[in-house]
Amino acid sequence: MLTLHKSAADGAPAGPLARLIWPFLEMWKRLINIGVHKELTEWQWKRVRLLNGISAITIAIYTGYVIVFFNSPDWLTFRICLAGVFLNLPPFILNHYRRYNASAYYCILSVTVLCSFIAIARKYDGVEYYLISNSIVAMLFFRKFWKILMLFSLNVAAYFAVRYAMQHVQPFLYVKDSTYFYNANVLLFFMTLFFVVYYFRAENFRQEKMLSQKNETLGQSLEHLQNTQDQLVQQEKLASLGALTAGIAHEIQNPLNFVDNFSEVGIELVEELRQELDHEAISEKRRVMITSLLDDLAQSQKKVNEHADRAGNIVRGMLLHSRASRGERQPTDLNALADEYLRLAYHGLRAKHKDFNATLSTDFNLQLGPITVVVEDISRVLLNLFTNAFYAVHKKATQLPPGSNYKPTVSVSTQRAVNGVLLRVRDNGTGIPLDVIDKIFHPFFTTKPPGEGTGLGLSLSYDIVTKGHGGTLTVNSEYGEYSEFTVWLPEVRA
């Protein structure tokens, strides 16, 4: 059996009933869109289609009457209905030539005149009731109140004038047995009134729905603006704090340099004193006492120098922390960047501890694609995370007894996530104690011994990821087993 299917392009429906109705629907669409063009506003678009629709329905009703009374002895009704068909054609012509106001006025005034004439001439047609519904139709076509009031008053006046004339003017087009015309016209009047009110009701619901959607959108926009405002306020505070920190750090750095330099000079002077003491003829007891004092002085100077260096590192970290990034975002291969800084951090530790070896494990998503980031800032984050990971595994390796099966391993992986990408850095080092894990992103907090960390690396990384890129930086750890840092960066399209 051969079955014909409708293609998406031929426009005709497939079902038999649909194929039967389709020509009428196409004709209806063409009729109500006469005069419609893309420059019309929504109000004008609805008005033109409504005018065309009312005219088309009225013509259809009159055409039905014409067909019914074509061979009827009631030749008068036939001619009136035929005239009604032609009298309802001008709105199509006026709309076609974009005379929209003229079309609206004609539609209302022609009904007023035609219904008034027929009601007086035939008396029992019930057509005068159309003046009631016609009085409210003006609200569908006009926006200005004085126009609506004028047309409403005109139809009300016509209605009472017709009711008065029907009592004093003899019907000159009266047809016998026309009671059913009266009932039919009253029924059509009710239908017209119903559809006009239903139209207003449907429009109200539509506008209410649109208003609800707009309110919801505005609510979301307001919430977004409030969040943005909060972020801007926070950024202003951070910028002010950063400027204050930078100012303090600059002020501290100069005297700190003097302390550092003078401590080094003090150590050199102690050595010179030792050399001069060798040439002095003094008793052995006094030499021992002076040597002891010089040893204490040298040790004191070394401690001052060590702590000055540590303070200098902290100041440099503060300056780095407070520095506002001026780098521009650009598409970056995150896999290549992570791999580069992983090996850079590893070789940096190997330069200090040549006997140290670790396993580098990478699991990069090759379909990751370019990620729009500030390369300099994300590089700092990666370097901090990798340096901390290698520090942790090296520390664990030195704490374990020789010959243990421990294999220092640092793993890095990338993968796609919801609206962004994930980068994970995991090590099997010392881990982070549970009681301090919530503090590791705080400035100046560190788990490293004095002199080995400033406490600003993770804080700086957290600010770069969260405030600079709108992402997240989280940590998961088990003390003595592992630490895993997860960076989520939103996918910003250029």
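**A helix pair and the cores**

Author: Happy to! Helix α6 (residues 130-141) and helix α7 (residues 145-168) pack at an angle of about 175°, with their axes 8 Å apart. Helices here are DSSP runs of H or I of at least four residues, strands are E runs of at least two, and both are numbered from the N terminus. Axes are lines fitted to C-alpha atoms, for helices over the stretch in contact, with angles from 0 to 180 degrees between N-to-C directions. Angles over 145 degrees count as roughly antiparallel, and α6 and α7 are therefore roughly antiparallel to each other.

This is a predicted model: local features need pLDDT of at least 70, side-chain atom pairs count only at pLDDT 80 or more, and totals for chains, interfaces and linings use all residues. Residues are numbered from 1 along each chain as its sequence is written, and side-chain values use heavy atoms, leaving out hydrogens and water.

On the α6 side, L131, I132, N134, S135, A138 and M139 meet I148, L151, F152, N155, A158, Y159 and V162 of α7; contact means heavy atoms within 4.5 Å. By class, this contact has 10 nonpolar, 3 polar and no charged residues. Nonpolar covers Ala, Val, Leu, Ile, Met, Phe, Trp, Tyr, Cys and Pro, charged covers Asp, Glu, Lys and Arg, and the others, Gly among them, are polar.

Elsewhere, the largest nonpolar core has 42 residues, and I378, L382 and F485 are among those with the most contacts inside it. Such a core joins buried (under 20% relative accessible area, 1.4 Å probe, protein chains only) Ala, Val, Leu, Ile, Met, Phe, Trp, Tyr and Cys residues through side-chain atoms within 4.5 Å. Helix α11 gives the most to this core, with 9 residues. A second, separate core of 29 residues includes A119, V127, M166 and L173.

Definitions and conventions:
Buried < 20%, exposed > 50% of the residue type's maximum accessible area, 1.4 Å probe, protein only. Parallel < 35°, antiparallel > 145°, perpendicular 65-115°, else oblique.
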